[in-house]
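I opened a new page for this chain.

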Amino acid sequence: MIYLELLWTFFKIGAFTFGGGYVMVPLIQEEVAVHGWLDAASLVNFIAVSESTPGSLAVNLATYAGAEAGGILGAVCATFGVVIPAFATILIVAKFYEKFKASKLIKGCMSGLKPVVVGMIANGVLNIGKTVFFPNGFHGTVFSNTSFYVTAAIFALSLYFVLKNKSPILLICISAILGIIAGYFIC
């Protein structure tokens, strides 16, 4: 039954990813492709939409994939699936963190998870970039595509915003305007 499959799939994604929505992107990409719920291009488009709408990236992606695969009930199942592990984990951590935060084991776990989170985010960025720019393998023609240069400019702008501690809201607005302008003149 599709609803149990959505619930279980997104429960596993929620249970085995640490670090937030970007860390989940590679797992979500793999799972929705394996199940045939979304194609790579649709997922990348929805990641862009999710980033410029309120709410958690992971919840938005789960809800969208669930809706595409099983309608409203599918969206509810996928959303609950991805949220339940985090909710349960936070309840447990909140109860015991104060007691164990000075533990060397806990400090070691937290220290070890940080580079994994960075690696998973990098993996998501590279996978999305590959899907957007090289869906059929590497071809030099990507450098003649205006969207490549718009993306490069937005990436450079993102680096600037991170280094200067600027508001991500402003970056989202500027990126949307650049994307709309580029899309208008490209299409």
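**Entry 1: start of α5.** I note here that the model is predicted.

**Entry 2: length of α5.** Helix α5 covers residues 104-133. I checked its span against 1.5 Å a residue: its 30 residues should reach 44 Å, and the end C-alpha atoms are 44 Å apart, so the two agree. Next I asked which residues of α5 are buried. I wrote down V117, G124, I128 and F133.

**Entry 3: whole chain.** I stepped back to the fold. I counted seven helices and zero strands. Along the sequence the pattern reads α-α-α-α-α-α-α. I put a box around the C-alpha atoms along the principal axes, and it came to roughly 55 × 45 × 30 Å. The chain has 187 residues, and 26% of them are buried. I then took the contacts with a separation of 6 or more; 56% of these join residues 24 or more positions apart.

**Entry 4: largest pocket.** How much space lies in the largest pocket? I got about 1,900 Å³. I listed 43 lining residues. Nearest the centre of the pocket are A48, I128, T151, I154 and S158. I128 was already on my list of buried residues in α5.

I sorted the lining by helix. At least two residues each come from α2 (21-35), α3 (40-51), α5, α6 (146-163) and α7 (168-186). Helix α6 gives the largest share, 11 residues. By class, I found 29 nonpolar, 11 polar and three charged residues in this lining.

**Entry 5: T9.** I turned to T9, in helix α1 (residues 2-15). Is T9 buried or exposed? Its relative accessibility is 2%, under the 20% cut-off, so T9 counts as buried. Leaving out residues up to four places away in sequence, I found T9 touching E31, H35 and W37.

**Entry 6: N60.** I placed N60 in helix α4, which runs over residues 57-100. The relative accessibility of N60 is 14%, so I class N60 as buried too. With residues up to four places away in sequence not counted, N60 touches F46, S50, T53, P54 and G55.

**Entry 7: N145.** I moved on to the loops. N145 belongs to the loop between α5 and α6. I put N145 down as partly exposed because its relative accessible area is 34%, between the 20% and 50% cut-offs. I also took a distance from N145 to I92, 53 residues apart along the chain. Their C-alpha atoms are separated by 49 Å.

**Entry 8: N165.** What is the phi of N165? I read a positive value of about 55 degrees, although N165 is not a glycine. I located N165 in the loop between α6 and α7. N165 has a relative accessibility of 70%, over the 50% cut-off, so N165 counts as exposed.

**Entry 9: recap.** I close with the Asn residues I visited. N60 is buried, N145 is partly exposed, and N165 is exposed. N60 lies in α4, whereas N145 lies in the loop between α5 and α6 and N165 in the loop between α6 and α7.

Conventions: Residues are numbered from 1 along each chain as its sequence is written. This is a predicted model: local features need pLDDT of at least 70, side-chain atom pairs count only at pLDDT 80 or more; totals for chains, interfaces and linings use all residues. Side-chain values use heavy atoms; hydrogens and water are left out. Helices (H or I, at least four residues) and strands (E, at least two) are DSSP runs, numbered from the N terminus. The expected span of a helix is 1.5 Å times one less than its number of residues. Buried means under 20% relative accessible area, exposed over 50%, partly exposed in between (1.4 Å probe, protein chains only). On a 1 Å grid over the protein atoms alone, a cavity is a set of points where a 1.4 Å probe fits but cannot get out, and a pocket is an open set with protein on both sides within 12 Å along at least five of seven lines; lining residues have an atom within 4 Å of a point. Grid points are joined across faces, edges and corners, and a volume is the space filled by probe spheres set on the points. Ala, Val, Leu, Ile, Met, Phe, Trp, Tyr, Cys and Pro count as nonpolar, Asp, Glu, Lys and Arg as charged, and the others, Gly among them, as polar. Contact means heavy atoms within 4.5 Å.
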